Each structure stands twice: as C-alpha cells, then as structure tokens.
Amino acid sequence: MTDLSHLDSIVDDADSITEVVQAAMSRTDDVRLKQIVDALVRHAHAFFREVRLTDQEFEQGIEFVKAIGQATTDDHNEVVLCADVLGFSTLVTLLNTIDKTDRTPGALLGPFYRGHSPEYRNGECIVADGSPGAPLFVRGRVVDRARRPVANAMVDVWQASPVGLYENQDPDQPDMNLRGRFRTDAEGYFRFRSVRPAGYPIPTHGPVGGLLEKQHRHPYRPAHIHFLVIAEGYETLVSQVFADDSGYLGSDVVFGVIRDLVGRFELHEDGKAPDADVTGPYYTLGYEFVLAEGTPTYPTPPIK
Ligand code: BEZ
Ligand code: FE
C-alpha cells in the first residue's frame, strides 16, 4: 500500500474531515471572514452529523437553495423571505440591537424595502393615489439615549395598503405608493399622513411557501409600518411598529414582533382630524425612536 502519511490534509473518515477543511482555510487573511467561515463549517458539519443527512436529502437541500435563488428577481427576493421565515433575520437584528440598553429594538428589513423612495415634507401624505382606507396620522420622534432630540435624521417609511399589499406587488397601486422619506425637525419630530395598513400573508408562490405548507404554518404578518432611521453619529435603526389591535401579533410568520415595538393605533371618532378634509373616523400613532450612538450604515435594498 502507498505510504500517504506525509499528506496531512488527507481525509480518513467522517470525524476527521472538519479539521482538514479548517486547516485548508487557515491562511485566510481577512480575520473576520476566517472566523465566520470557520464557524460555519464547524456548525454545518455538526448539523450533518447530528441528522445523518442522506445523499438524497443533501441533493434536496441543494435544489432548495437553487430554487430560492432562481425565484429571486429584481422585484421579488425569495432568499430574504427564506431567511425571514427561518428566524435568521430577526435573530441577527436582535443580536445587533437588543443587547444595547435603552434603545429601540430593531426588526427585520424584510424583502420589500426599496431605496429612492420619494422625499416628503413633514405632515405630507404618502398615499400617492388617494387610495381608500382609514386615514392614519403618524407623529414620531427621534431621540438619543439621553432623550435629547436628534434633528435632521432621515426617516424612511414603507407599509402595505389597507388590502395588505405593497405597491410593488399590486398593479392597482402607483409606483412608490405608501413609501416616503422624511427629515426630523429641530425637536426630533417627523409627521406624515397615510392610511391604516392591513396585516398580510407573505408571498407563498415560491419554495418558501412550499416549506411553510409542509410545516403547517400560516403565512401572516400583523399590521405594521416599517421605519428606517439614519442620522449622523448614530447607528442606523431598521425597525417596525405593529398595530396593537392587529391579529397575528403572537404568531408573526417572520418573528418580528417585539413587545416594545407594539404601538398604539388609536381610533378617533371626534371629527377633529389634523387635516380638515378628514371628517370621519381616523387613527393616530405616536412613537418615540431611541437611537444608539455609532456609525450609520445603509442597508442594501432587497428589490429595485
Ligand atoms: C415585510 O414586513 O415587509 C416582510 C417581512 C418578511 C417577509 C415578508 C414581508
Ligand atoms: Fe412589511
């Protein structure tokens, strides 16, 4: 038999392969990349051992990854959706926000964030087409951890319509409907008018929908508005505020609901809405966003 003892990266069995792979990657210069891929390999190998993955199951897994990639287009991101329903996105968000005391927790970005939303002045309406729905007046404030106002913060908001669809999913809504960017004033306030969003099912036409079905899970999210807050000198906050009277608060399919992120969507029947053209019932939402000091980052939009 040939003597191969001088080949130290030869694999003897299922137990020894992990160390051999780690040794092969050991010259990675980028320290953080090395740490991440090293841990990924270690945990993935342990997972394959734990479930004793069969060849067929491995193939199915590869096919699934291929399918979520192929189902992803400029206006639909199945990969983000997959990370969301498996709790990956919420876990990463919480790891990066909830350990820091006294700041607003983050919530996942989701697959429907688009860059370049229209800029509005405070008090303006983000309903581009006058679409029907219960009027909603939002008044937010951005402060630091000492509760001092953060002026000139950029607040990007996006939400589903009263029928539970984002504009990019709905041919009946104009481009960029229910999306907009605002700037906080000297006291940290921003205000806008909208319509009350509905809860909605996440898209289920692709492989992620198939997975949810096999897991006997419903696809719904509670009604919410997304907020992205970016200010010089502070960590970027990606979050959501959920309607306190919405269904599915306790079973969000993507695990985004954190107690502190449930906001009061207050119904008023007094006919004294902030805008004179609103004469019937309307809702108000007030929410304070607390930022942590740090360096702003800019999330990559999952769709165009
Ligand atoms: C959203 O809130 O926009 C969302 C998040 C995860 C999956 C689908 C939609
Ligand atoms: Fe959403």
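Predicted model: local features only at pLDDT ≥ 70, side-chain atom pairs only at ≥ 80, totals over all residues.
Hi everyone, thanks for coming. Let me begin with the whole chain. The protein has 304 residues, and 42% of them are buried. I count on 6 helices and 11 strands as landmarks today. Taken along the principal axes, the C-alpha atoms fill a box of roughly 90 × 40 × 30 Å. As for contacts with a separation of 6 or more, 72% of them join residues 24 or more positions apart.

Now the domains. The domain assignment gives domain 1 as 1–52 and domain 2 as 71–291. Over C-alpha atoms, the centres of these two are separated by 42 Å.

The feature "domain: Catechol dioxygenase N-terminal" is placed by UniProt at residues 30–97. In the model that span is 81% helix and 0% strand, with 25 Å between its end C-alpha atoms. UniProt also has "domain: Intradiol ring-cleavage dioxygenases", in an unreviewed entry, covering residues 110–279. Here the span is 5% helix and 30% strand, and the end C-alpha atoms lie 35 Å apart.

On to the helices, going along the chain. Helix 1, residues 17–24, has Thr-18, Val-20 and Gln-22 as its buried residues. Helix 2 (31–51) is included in what covers them.

Packed helices are described by the angle between their axes and the distance between the axes. Helix 3, residues 55–70, packs on helix 4 at about 125°, with the axes 7 Å apart. That angle makes helix 3 and helix 4 oblique to each other. Phe-64, Ile-68 and Gly-69 make the contact from helix 3, and Glu-78, Val-79 and Cys-82 from helix 4.

Helix 4, residues 78–85, has another partner in helix 6, residues 207–214: their axes come within 9 Å and cross at roughly 25°. Angles under 35 degrees count as roughly parallel, so helix 4 and helix 6 are roughly parallel to each other. On the helix 4 side we find Glu-78, Leu-81, Cys-82 and Val-85, which meet Pro-207, Val-208, Gly-209 and Leu-212 in helix 6.

Which residues touch the most other members of the largest nonpolar core? They are Val-142 and Phe-227, in a core of 34 residues. Several strands supply at least two residues each, including strand 1 (135–144), strand 7 (224–230) and strand 8 (237–243). Strand 11 gives the most, with 5 residues.

I'd like to finish on one loop residue. Ala-231 sits in the loop between strand 7 and strand 8. Is Ala-231 buried or exposed? Its relative accessible area is 4%, so Ala-231 is buried, given that the cut-off for buried is under 20%. Setting aside neighbours within four places in sequence, the contacts of Ala-231 are Val-150, Ala-153, Leu-291 and Pro-296. Thr-295 is 64 residues from Ala-231 along the chain, yet 8.7 Å separate their C-alpha atoms.

That's my tour, and I'm happy to go back to any part of it.

Notes: Residues numbered from 1 in each chain as written. Chains lettered and ligands numbered in written order. Heavy atoms only, no water. UniProt positions renumbered as here; feature names shortened; annotations may be inferred. Helix = DSSP H or I, 4+ residues; strand = E, 2+ residues; numbered from the N terminus. Core = buried A, V, L, I, M, F, W, Y, C linked by side-chain atoms within 4.5 Å. Buried < 20%, exposed > 50% of the residue type's maximum accessible area, 1.4 Å probe, protein only. Domains from an automatic or database assignment. Contact = heavy atoms within 4.5 Å. Axes fitted to C-alpha atoms, helices over the stretch in contact; angles between N-to-C directions. Parallel < 35°, antiparallel > 145°, perpendicular 65-115°, else oblique.
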